[in-house]
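Subject: A structure for you to look at

Hi,

Here is the structure I promised you, with the sequence alongside. Have it open while you read, and my notes follow below.

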Amino acid sequence: MTFESWTGRVDGDSPEHLRWHQAVTEHTPGGEPGACVFVGFASEAGVRRNKGRPGAAQGPDALRRALSPMALRTPLRAYDAGTVTVTGDELEDGQRRLGERVSALLDDGAFPVVLGGGHEVAYGTYLGVAGSARRTPGTTVGILNLDAHFDLRPDPVPSSGTPFRQILESDADVRYAVLGISQPSNTTVLFDTAEHFGVRYLLDDDCDPERARAFVDDFLADIDLLYLTIDLDVLPAAVAPGVSAPAAYGVALPTIQAVCDQVTASRKLAVVDVAELNPELDIDQRTARTAARLIHRIVTGHRRDQK
């Protein structure tokens, strides 16, 4: 793989000058336990199947570029395991390959951060958790989705709108919660489906900081291992315009950031992915930079809380 996206200003080589692009090196198995390992998932096949606006396949490198120049308060090492690229409509094969890579990283003791890609990335990330030795018998896996949409569509062909239904239909031991649901963006059928599967959700109208924190605390109390997935369309369109379906209302960035801090501090977070960045639709890299800020916060917080 190449590191063309990991570039930026260099003020010096000493720890007080460190930026992300100076901290990331190529991943090799058997690396530092607990270290962050980035994996790209370049796919828009699921978005196309879901009749969304294409462009998300460019998301992984745009996220790398946005994160690269950010300064690190304390030194750390991070790694990049390359990108799983979905060619044409070969979505299921790409999800399988992503799952294998995430499983290998989890089994190696790493903290995988998956850079999407459409939200079809979620099924691949889940396959990685499900196939990992981290999921021992009796371990309850929780998926916390920060999203305006349930992504529980009943479509016969998998897409960016179906991953969590696919997961819940195949794995009765997974718990699923969504923070930021937009009522006008989800039909009654989807709300009924959520009820059928016992999905917990908090509407965007109700996402004030206090209720958001209580919602996440209640969910964390019932699980052992957490997979956090961030669909950038959970944020207001003014903050995140570069997505397939910009939010008319959305959840405020400080609330989303506080949720990220909360789950990181729980010590239950095993893997995170970021989905739906569409650089072709972004304005002044606004969405990419916001997403990079969240990734920066999660990774540095995770590293600190693991010590």
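In what order do the nine strands of the open sheet come? The order is β1-β3-β2-β4-β9-β8-β5-β6-β7, and the pairing is parallel. Two strands count as a pair if DSSP finds at least two bridges between them. Helices (H or I, at least four residues) and strands (E, at least two) are DSSP runs, numbered from the N terminus.

Before you go further: this is a predicted model, where local features need pLDDT of at least 70 and side-chain atom pairs count only at pLDDT 80 or more, while totals for chains, interfaces and linings use all residues. Residues are numbered from 1 along each chain as its sequence is written, and side-chain values use heavy atoms, with hydrogens and water left out.

(Axes here are lines fitted to C-alpha atoms, for helices over the stretch in contact, and angles run from 0 to 180 degrees between N-to-C directions.)

Contact, by the way, means heavy atoms within 4.5 Å.

**Helices against helices**

Two packed helices are described by the angle between their axes and the distance between the axes. Angles under 35 degrees count as roughly parallel, over 145 as roughly antiparallel, 65 to 115 as roughly perpendicular and the rest as oblique. A crossing is left-handed if the near helix is turned anticlockwise from the far one by less than a right angle, and right-handed if clockwise. For residue classes, Ala, Val, Leu, Ile, Met, Phe, Trp, Tyr, Cys and Pro are nonpolar, Asp, Glu, Lys and Arg are charged, and the others, Gly among them, are polar.

- α8 (residues 209-221) and α9 (residues 253-265): their axes come within 10 Å and cross at roughly 30°. That makes α8 roughly parallel to α9, and the crossing is right-handed. P209, A212, R213, V216, D217 and L220 in α8 meet T255, V259, Q262 and V263 in α9. By class, this contact has six nonpolar, two polar and two charged residues.
- α4 (residues 91-107) and α5: the angle is about 40° and the axes are 7 Å apart. That makes α4 oblique to α5, and this crossing is right-handed. Among the residues in contact are L98, V102 and L106 of α4 and V121, L127 and V129 of α5. The contact divides into seven nonpolar, six polar and one charged.
- α5 and α6: they pack at about 35°, with axes 8 Å apart, in a right-handed crossing. A122, Y123 and Y126 in α5 meet P163, F164, Q166, I167 and S170 in α6. Six of the residues in this contact are nonpolar, two are polar and none is charged.

**The sites in the record**

Which residues does UniProt list for "binding site"? The unreviewed entry gives H119, D147, H149, D151, D231 and D233. UniProt positions are given in the numbering used here, feature names are shortened, and annotations may be inferred rather than shown by experiment. The six are spread over 115 residues of sequence but cluster in space, with a largest C-alpha distance of 12.3 Å. H119 sits in the loop between β4 and α5 (121-130), while D147 is in the loop between β5 and α6.

**Two backbone details**

The peptide bond from G116 to G117 is cis, with omega near 15°. G117 is in the loop between β4 and α5. Then there's E276, in the loop between β9 and α10 (286-305): its phi is near 80°, a positive value in a residue other than glycine.

Happy exploring!
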